[in-house]
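Please open your viewer, show the model as a cartoon, and keep the selection tool at hand.

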Amino acid sequence: MIRSIYDIYGASILIIVFITLFLIETKFQLRKRVQSRWKRIIINIIVSIPSFALLRFLFIPIMVWLAYENTSWHFGLNYLFEAPVWLKAAIAFILLDYSNYLWHIILHKMPLMWRFHLVHHTDLDLDITTAFRFHFGELIGSVFFRGAAVVLTGISPLMVLIYEIAFEAANQFQHSNLKLPFRFEKALNKMIVTPRMHGIHHSMKKRETDSNFSIIFSFWDRLHNTIKLNVIQDEIVTGVAVYPDEKELTSGNLLKMPFTKIREWEEANCVV
Ligand SMILES: [Zn+2]
């Protein structure tokens, strides 16, 4: 199932999404770049290689295995009530997205997980390649929480794969440096996370980073009052305030970063 749904359909969709967004963000740029684009592409790809390998050969198989085993355990929400298959699938999809909103907050608030998620946030520009800049340690940590969510929702193995493909497409879209027509984006943002919304989350200002945690649907931030939209994009300085020096942010240093002494936000007088 992983081979047909994820490797063939999923990979084809995600490659098309990547090429399309890469070309459009080149032509219609939302935020000014502060670094060389090609240098960042290389850094982000190197950082992403171990994460990609773990995603495909550890994370996805475990999620699908848990959902598959759960069809005999009958554990989780979807096994507690009778409803049409499509309705159960939709509920599980939405709840899985909610669990990822909560997981994203944990990545920021739990010191151990922030060590890993920090690597993603240190990118001084935000574009589609930032969507790949995740430390492999973050992925390993997510197996436990996101695995529990798979079991608790009682989602089917097929829906696990469909959610994962949607998750990765949404991840590419929200990190892209794509300038959409403002009113179109505003309407779209009522439902899903858009580049302007997620750009605020990548700000060096702590109070802006502490907002907009949603992954696919934007309503989780509205529901929990963690949404922030009224920020002018040109005024956003992207990155983590205590890691502003691009010379430090090499692929080798980024892979080592979670295992070194982590700097606190306060050191940069950026507690606002
Ligand atoms: Zn984050």
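A residue is called buried when its relative accessible area is under 20%, exposed when it is over 50%, and partly exposed in between, with a 1.4 Å probe and protein chains only. The model is a predicted one, in which local features need pLDDT of at least 70 and side-chain atom pairs count only at pLDDT 80 or more, while totals for chains, interfaces and linings use all residues. Residues are numbered from 1 along each chain as its sequence is written, and side-chain values use heavy atoms, with hydrogens and water left out.

**First stop: Asn 189**

Select Asn 189, which you will find in helix H7, covering residues 182–189; a helix here is a DSSP run of H or I with at least four residues, a strand is a run of E with at least two, and both are numbered from the N terminus. Asn 189 counts as buried because its relative accessibility is 5%. Now show what lies around Asn 189, where contact means heavy atoms within 4.5 Å: apart from residues up to four places away in sequence, Asn 189 touches Thr 194, Met 197, Ser 218, Arg 222 and Leu 229.

**Second stop: Ser 99**

Is Ser 99 buried or exposed? With 8% relative accessibility, Ser 99 counts as buried, and, if neighbours within four places in sequence are left aside, Ser 99 is in contact with Phe 145 and Ala 149.

Select the zinc ion and display the side chains of His 104, His 108, His 117, His 121 and His 201, each of which coordinates the zinc ion through NE2, at 2.2 Å. Donors are N, O and S atoms within 2.8 Å of the metal (3.2 Å for Na, K and Ca), and sites may look incomplete because water is not among the atoms. Along the sequence, these donor residues follow the spacing H-x3-H-x8-H-x3-H-x79-H, and His 108 and His 117 are both buried.

**Last stop: the whole chain**

Finally, zoom out and colour by secondary structure: the protein chain has 11 helices and zero strands. The C-alpha atoms fill a box of roughly 55 × 45 × 35 Å along the principal axes. Of the 272 residues, 52% count as buried, and among contacts between residues at least 6 apart in sequence, 75% join residues at least 24 apart.
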